[in-house]
Amino acid sequence: MPPGNARPDLPTVLATGLLLGPVLAGLAGTLLPAFGYLPVLGFDTLNLDAFRQLVATPGLSRSAALSFGTGLATSLLSLAIVLLFTAGWSGTKTFRRLSRFLSPLLSVPHAAAAIGLAFLIAPSGFLVRLLSPWATGWSRPPDILILQDPYGLSLTFALVAKEVPFLFLMTLAALNRPHVQEYAKAARSLGYGRVAGFLTAVLPQIYPLIRLPMLAVIAYATSVVDVAEILGPTTPPPLAPRLVQWMNDPDLAKRLMASAGTLLQLAVSAAALLVYLVLEKAVSAVTTASSTRGWRFRRDRALRGAGLVLMALVAAAMVLSMGLLGLWSVAKSWWFPAALPQRWDAARAGDAIGMGGPALLATVLLAIAAAFAATALTLWLLETRNTHQKNRSRRLNALFFMPLLIPQIGFLFGLNMLFLVMGLNGSFFAVLLAHLVFVFPYAYLALSDPWYRLDPRYTKAASSLGASQARIFWQVRFPLLLRPVLVTFAVAAAVSVGQYLPTLLIGAGRIVTVTTESVALASGGNRQVAAVYAVLQLMIPLAGFSLAALIPSLVYRNRTAMGVSRT
Amino acid sequence: MKDPGKTTQRAPCARSLVLDKVTVRLNGLPLLHIDCAVSPGTILTIMGESGSGKSSLLDFVAGFLKPDFQATGRVLLNGRDLTELPAQERRIGLMFQSALLFPHLSVLQNLLFAIPAGIKGSELRRSMAEKALEDVGLAGFGARDPATLSGGQQTRVALMRTLLAEPEALLLDEPFSSLDRNRRAEVRALVFRLASENNLPVLLVTHDREDAEAAGGDIYDLDAGSALNTAAG
C-alpha cells in the first residue's frame, strides 16, 4: 500500500488552483489599485489618494455601520432561530414536516427571494392588502417606508429568511452523524429540558460542522449586493452596493476609490467575524457553566414555542413570497387593495420570456457548464483521494470554504481588473470561471458526504472480483451514487443561477443572466417583468432538482435498494 | 501458548495460501501474529471477538489494509507474492457478513460483473452466469432485483459471484452470521463444498464456534492467545 499523504495528486492541485488562484489574484488586483496603481487606466504611482477620497465620501461611516449591523444581526438571528427550533423540536413530527418544507427553499436564489419578499411586505404588498381596507382603513398604500428603510430592517428580514434554510440544512446534515441523537436522549433522561439538553449535550458535538457555514453567512451578509439593491436603504446604501456603483462609474478615478473601499469592506466583514468569534467563546462558557451547575431548564415550553413560531414564520414568508412571484408574473392589473389580481395575462409573461431569451439562454448555459465542471472535478478529486487512501481532511474542507469566507466583492473587483488586462472581460469563459469559484465549493460540500458514506465494502467486493479502479468507478461507485451526483449537479446549477455580483462585474454587461436582469428590473420598479425574471430564476433550479429526483427513480425503478432512503 | 507456525504443517508444494510471519500492528502496537499455510481444499478458521484484529488480517491478505494499520510479513498464493499487489490483481475471493450484491444491478448482471473479461462472447458469459445460478438452486432468478431475494439466496448469489471471478483462494468474513439458524447450516455446507470442489484454500474468520467446527480444518483462536486447535479431519 502506498503511504497516505506523500504527494498531492493532480485533482487536488487543480482544485487548489481553481479556488486559491482567482481569490489571491483578485485580492492582489484589489490591493494595488487601492494604493493608486492601475496602469491600464494610466494610474501608475503609489499613493493614498484613493483612501483620502474614500474618507471624504459623505455617509461612508453610516454605510459601513449598516453593512456591519445588518450582516451581524442577520447571521445571529438566523443561527438563533435554527438552533432554537432544532433544540426544541428535533426528533418530533413537526420537525420532520417543517424540514421537508425548508429544504427546497435553499435553492431559491437570493435575488428572487428578495423580490418575492418585497411583494409580501411592501406598503402595497400582500400583507397590507390582506388587512386593507377592512382593518386598516387604507384604500391606497400607506406612505410608510417599509422597503429600503433607513435601518436596513427589511434587508435583515429578507436575509434571515434566506439564510435560515441554509443554516438549517447544515444543522440537519450535522445531526445525521452517528450517535448524535443518543446524546440528546442521554441528556433528557438525566432530567434536562429539550432545549437545554440540546444546547449542552448535542450542540458541542455538531457545532464544528456548523461553524464554517455560519462564518460564510457572516461574510456574505455583511457584503451582500443584490438583496441590498432591492431591499436595502438608499440614503446611504450599505457599503457593498455603493462600491459596485463606484466601480461602474464613468469617472475612472472612482474605480481606485472602489478598490480602497473594498479594503474597508474586508475590514468590516473581518470585524463582524471577530465579534462573532468572541461571542462564540462567551456562549460556550455560559452553557458549560450552566450545565456543570446542573441547571436543567425543565420548563422550556415558551422557548420551544418561540423557536417553532419563528421557524414557521420564515417558512411561511418564503413560501408566500414564491407564490406572489408566480401571481405577479401572470397578473395584468392588480390594484391596491385587492388581495388577488383583477385581470390575468399569461401572454405578457410569454412576451417577457421572449425578450429575455438571450438572458435565459446564457443563464442555462452557464449553469450547465459550471455544474458539469464542478461535479466532474469533485468526482475526480474524491475518486483520486479514495484510490490513494486519503481520508477527508480538514485542510481540504477549509480550502473549499475559503472563497465563501471572503466577501465576494473583495476579490471580484481585482479579478475583474485582471480579466480586463487579459482581454477576457465580458467573455463567457471568464464569467464561467468566476461562477466556478463559488459553485465548486458547494458541489464538493454536497457530494463529499454521500461519497464517504458509501459502504466501502462494495469497492472491496468489486476489486476482489478483479475489477480495475476505472471499472469500479464507472460500474459500481458512480451508479451507486447516481442520485447524490445528480443532486450535486442540481445544487451546483442552482448556485450558478443565483450568482449576481460575479455575473454583473465579470460579464461587463455583455453576459447578462435572468438574475442580473431581475435585480435591475426590480430596482427599476417594474414589478410584473421583475416577477417573470424571478420566476425564471426559480424554474432552473426547480427543473434541476426534479430531474435529479426523476432520473434515478426511472433508471432504478426495479431496484428496491436504490430508493430514496439510501442517500 | 504455542507458536502456530510450529504446529501447522507448511504445505510442501507451492499450491497454497501462505501467511509468512505476518504481524499486524495498529499505530505501532502489535495486534496479532500469524504464520501458517492453508493447502488447497482445506479451511483455516480464525476465531476472535471484535477488536481482535481479525478483520484487519483479512484486509491485509485481500489488499485493503487501512492506513492506521501496519503489517509485516508476506502473503503468498500459489507461489506468487501478493504482499505488494493491488487488491484487484490478487485473485482472492472475498465474502462479507452481508452479501453485498450491487443494488443497482440485477442478479445476473452481478454475476456477469465477476466473469473475467478474457472470457468473450455475451452468449457464453450469460450461460455461465445462468449455470452458476442453477448450481445453487436459483435457476431463473437472473432478472430479479437482488433486494427481493432472501438473505440465504443473496449469500448463494454472492458465493457464485465470487467463484465466477476464478479466485485462487477464498476469504470468508463471517459470511453466515447474518443468516437465521435454519438457513445457516445449509448455506455453510454449500460454501464449503464448492470451495473444496474448486480446490481452493479457504481462510474463514468467525466468532461462532459452530462455524469453526463445521469447517473441519485447523482453528486459530486469537482470543486464546494464539493457541491452535486441530479439529478432527
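A polar contact is a pair of N or O atoms within 3.5 Å; within protein, one must be able to donate a hydrogen and the other to accept it. Keep that in mind for the boundary between the two chains of this predicted model, where seven residue pairs of chain B and chain A, both at pLDDT 80 or more, are in polar contact.

Select that boundary next. On the chain B side, β6 (92–95), α3 (107–114) and α5 (151–164) each give two or more residues to the side that touches chain A. The largest share, four residues, comes from α3(B). In total, 34 residues of chain B are in contact with 27 residues of chain A. The area buried between the chains is about 2500 Å², and carbon and sulfur atoms give 61% of it. Now pick Gln88(B), His104(B) and Phe113(B): they supply 29% of the area that chain B buries against chain A, more than any other three residues.

Which residue of chain A forms a salt bridge with Asp59(B)? Select Lys460(A): the closest N and O atoms of this pair are 2.9 Å apart. The count of salt bridges between the two chains is one.

Move to helix α2 (residues 54–62) of chain B, which lies across β1, β2 and β4 of chain B and runs at about 55° to β4(B). Those strands belong to an open, antiparallel sheet of four strands in the order β2-β1-β4-β5 (chain B). Its edge strands are β2 (29–38) and β5 (80–81) of chain B. Show β1 (residues 17–26) and β4 (residues 69–77) of chain B, joined by eight bridges. In β4(B), Thr72(B) is the bridge partner of Thr23(B).

Key: Residues are numbered from 1 along each chain as its sequence is written. Chains are lettered from A and ligands numbered from 1 in the order in which they are written. This is a predicted model: local features need pLDDT of at least 70, side-chain atom pairs count only at pLDDT 80 or more; totals for chains, interfaces and linings use all residues. Side-chain values use heavy atoms; hydrogens and water are left out. Two strands pair if DSSP finds at least two bridges between them. Contact means heavy atoms within 4.5 Å. Axes are lines fitted to C-alpha atoms, for helices over the stretch in contact, and angles run from 0 to 180 degrees between N-to-C directions. Buried area is the accessible area (1.4 Å probe) that two parts lose on being put together, summed over both. A salt bridge is a side-chain nitrogen of Lys or Arg within 4 Å of a carboxyl oxygen of Asp or Glu. A polar contact is a pair of N or O atoms within 3.5 Å; within protein, one must be able to donate a hydrogen and the other to accept it, and residues adjacent in sequence count only if both atoms are side-chain atoms.
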